Amino acid sequence: MVVKKQKTAGCYMLIFFHLLLGSGALAGGGLLIISPDGSMFSMPLEILRNTPFNSFLIPGIILLTCLGILPLVTAVFLASEKPFKILGKLSLYKEAHGAWNSSLYIGFILIVWITVQMYLIKEVVFLHIFYILLGLLIQLITLLPSVKNHYSDYDYRK
């Protein structure tokens, strides 16, 4: 008989932060795709002058997929604890659940995304700091021993 581990407060916080990140990025990325000239956010295209982009379309697609859809899918798999086989195969930590690994990756993706954004647009605003801290918080919570223990010892052959 397999005993199911009880989720810790850290597990619930991690799920919440992925839902927060994913829903915001889904909305933001969607609006950038719908309005690649930045008008829905009152962002002038001039912001992109030092970037490889001439509109917000590609950044919107990246935002929507990598920081919108992926965190939402990760939250679902963290909550349900069903095997996340695709990411389980790409995992650095093979003994851990694929969604746990995905959570760690998302923290890195968010930090890199915001750092590159600040570098390219040559500006730092409050939201940059907020999202850098959110990325660090996601990584910190993911690496908490209680959270790591909860999502460890998964059998991907199920």
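**Helix α4 and its surroundings**

Mentor: Helix α4 is followed by K122, whose phi is positive, near 55 degrees. This is a predicted model, in which local features need pLDDT of at least 70 and side-chain atom pairs count only at pLDDT 80 or more, while totals for chains, interfaces and linings use all residues. Residues are numbered from 1 along each chain as its sequence is written, and side-chain values use heavy atoms, with hydrogens and water left out.

Trainee: Where is K122 placed, and why does K122 count as exposed?

Mentor: K122 is in the loop between α4 and α5; helices are DSSP runs of H or I with at least four residues, numbered from the N terminus. Exposed means over 50% relative accessible area, buried under 20%, and partly exposed in between, with a 1.4 Å probe and protein chains only. K122 has 56% relative accessibility and therefore counts as exposed. K122 is not a glycine, although its phi is positive.

Trainee: What is the phi of S42, and why is S42 called exposed?

Mentor: S42, which is not a glycine, has a positive phi of about 55 degrees. S42 sits in the loop between α1 and α2 (57-80). Its relative accessibility is 66%, so S42 counts as exposed.

Trainee: What makes H128 count as buried?

Mentor: H128, in helix α5 (residues 126-143), has 5% relative accessibility and so counts as buried. Apart from neighbours within four places in sequence, H128 is in contact (heavy atoms within 4.5 Å) with I114, Q117, M118, I121 and E123.

Trainee: How do you know that the span of α4 agrees with expectation?

Mentor: The expected span of a helix is 1.5 Å times one less than its number of residues. For the 24 residues of α4 this gives 34 Å, and the end C-alpha atoms are 34 Å apart, so the two agree.

Trainee: Why is α4 called roughly antiparallel to α5?

Mentor: Two packed helices are described by the angle between their axes and the distance between the axes. Axes are lines fitted to C-alpha atoms, for helices over the stretch in contact, and angles run from 0 to 180 degrees between N-to-C directions. Angles under 35 degrees count as roughly parallel, over 145 as roughly antiparallel, 65 to 115 as roughly perpendicular and the rest as oblique. The axes of α4 and α5 are 8 Å apart, at an angle of about 160 degrees. That makes α4 roughly antiparallel to α5. Their contact includes W100, F108 and I111 of α4 and Y131, I132 and L136 of α5. Its residues divide into 14 nonpolar, 8 polar and no charged, where Ala, Val, Leu, Ile, Met, Phe, Trp, Tyr, Cys and Pro count as nonpolar, Asp, Glu, Lys and Arg as charged, and the others, Gly among them, as polar.

Trainee: Why are α1 and α4 called oblique to each other?

Mentor: The axes of α1 (residues 9-34) and α4 (residues 98-121) come within 12 Å and cross at roughly 45 degrees. α1 and α4 are therefore oblique to each other. In this contact, L14, H18 and L21 of α1 meet S103, I106 and L110 of α4. The residues divide into 4 nonpolar, 2 polar and no charged.

Methods. Helix = DSSP H or I, 4+ residues; strand = E, 2+ residues; numbered from the N terminus.
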